[in-house]
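Hi everyone, thanks for coming. I'd like to walk you through one model today, starting with its pockets and then moving on to its aromatic rings.

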Amino acid sequence: MLEVNSLRKVFGGLVAVDTISFDVPQNSILGLIGVNGSGKTTIMNCINGIYEATEGSIKLNGRELVGLKPHEIAKLGIGRTFQVPRLFRRLTLTENLVVSVLDDPRGNKDLTEKAEKLLADVDLYRIRDNYAEELSGGQQKLVELLRVMMLDPELILLDEPFAGVHPNLCRVFLDQIMKLKDTGKSFILVSHDLTSVYSLSEHLMVMNQGKKIAEGSARDIQKNPDVIEAFLGR
């Protein structure tokens, strides 16, 4: 479904992503791991249009994404959450979900009902009229995922969804990811929570200093000497 070929991103003299290629099939989860500064978030930013690739190709269902703006890529079927949630702090939870689909031809009543159903699925319906700024960091991350789901994307990019999140909310996140996968959605998951990444991902890619140093199953990655060295040193 997603094809990334020879992706390269350069900032001045810094090569942040150095000629990376990978595929994401439909109904799959790709775990993307690596130490801080290895290029993981830069890859995500290139995929959803925050950065434009210096070189290479990114295709969703055969459609080239390089050069498109983030809102154009979102409408083609790619959703994105961030390590630091980007909610509208002085809008309610319901409003934060509905605002992402304001150009939808459906009426406000239908969109509000969809938003409230999503909130009910994660036990946030009772505080649907609270401002986003009143939520914990983990709840804000969960609302950001629900806002992505309002767009019904094919591919969801998750950037550190479990960081700083209470274990109970982590379980809600995990349940939501698996429910969405069961409906045919695909994910790229960036996380330092290796236990969750290993349990969720059928396939993993490991980055270090902008390069791909390993790719394969969780079992293969855990035994790879280059991965061990990148995380723990010699």
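Before the first number, a quick word on terms: a pocket here is an open set of grid points with protein on both sides within 12 Å along at least five of seven lines, and its volume is the space filled by probe spheres set on those points. Please also keep in mind that this is a predicted model.

So, the largest pocket. About 740 Å³ of space lies in it. The lining is made up of 31 residues, and those closest to the centre are His71, Ala74, Ile78, Ser100 and Leu151. If you look at the secondary structure around it, α2 (70-76), β6 (78-80) and α5 (137-149) each supply at least two lining residues. Which element gives the most? That would be α2, with six residues. By class, the lining of this pocket has 16 nonpolar, ten charged and five polar residues.

Now please turn to the second largest pocket, which holds about 200 Å³ of space. Its lining includes Lys114, Lys117, Asp121, Lys179 and Lys185.

On to the rings. There are two aromatic pairs in the structure. Phenylalanine 11 and tyrosine 51 pair edge-to-face, 5.1 Å centre to centre, with 75° between the planes. This pair links distant parts of the chain, 40 residues apart: phenylalanine 11 sits in strand β1 (residues 2-11), and tyrosine 51 in the loop between α1 (40-47) and β4 (55-60).

Phenylalanine 162 lies in the loop between β7 (155-159) and α6 (167-182), while phenylalanine 173 is in helix α6 itself, eleven residues apart.

Last stop, charges over rings. Lysine 9 lies over the face of phenylalanine 11, 5.1 Å from the ring centre. Arginine 128 does likewise with tyrosine 125, at 3.9 Å from the ring centre.

Technical notes:
Residues are numbered from 1 along each chain as its sequence is written. This is a predicted model: local features need pLDDT of at least 70, side-chain atom pairs count only at pLDDT 80 or more; totals for chains, interfaces and linings use all residues. Side-chain values use heavy atoms; hydrogens and water are left out. Rings of Phe, Tyr and Trp (its six-membered ring) pair if their centres lie within 6.5 Å; planes under 30 degrees apart count as stacked, over 60 as edge-to-face and the rest as tilted. Helices (H or I, at least four residues) and strands (E, at least two) are DSSP runs, numbered from the N terminus. A charge sits over a ring if NZ of Lys or CZ of Arg is within 6 Å of the ring centre and within 35 degrees of the ring normal. On a 1 Å grid over the protein atoms alone, a cavity is a set of points where a 1.4 Å probe fits but cannot get out, and a pocket is an open set with protein on both sides within 12 Å along at least five of seven lines; lining residues have an atom within 4 Å of a point. Ala, Val, Leu, Ile, Met, Phe, Trp, Tyr, Cys and Pro count as nonpolar, Asp, Glu, Lys and Arg as charged, and the others, Gly among them, as polar.
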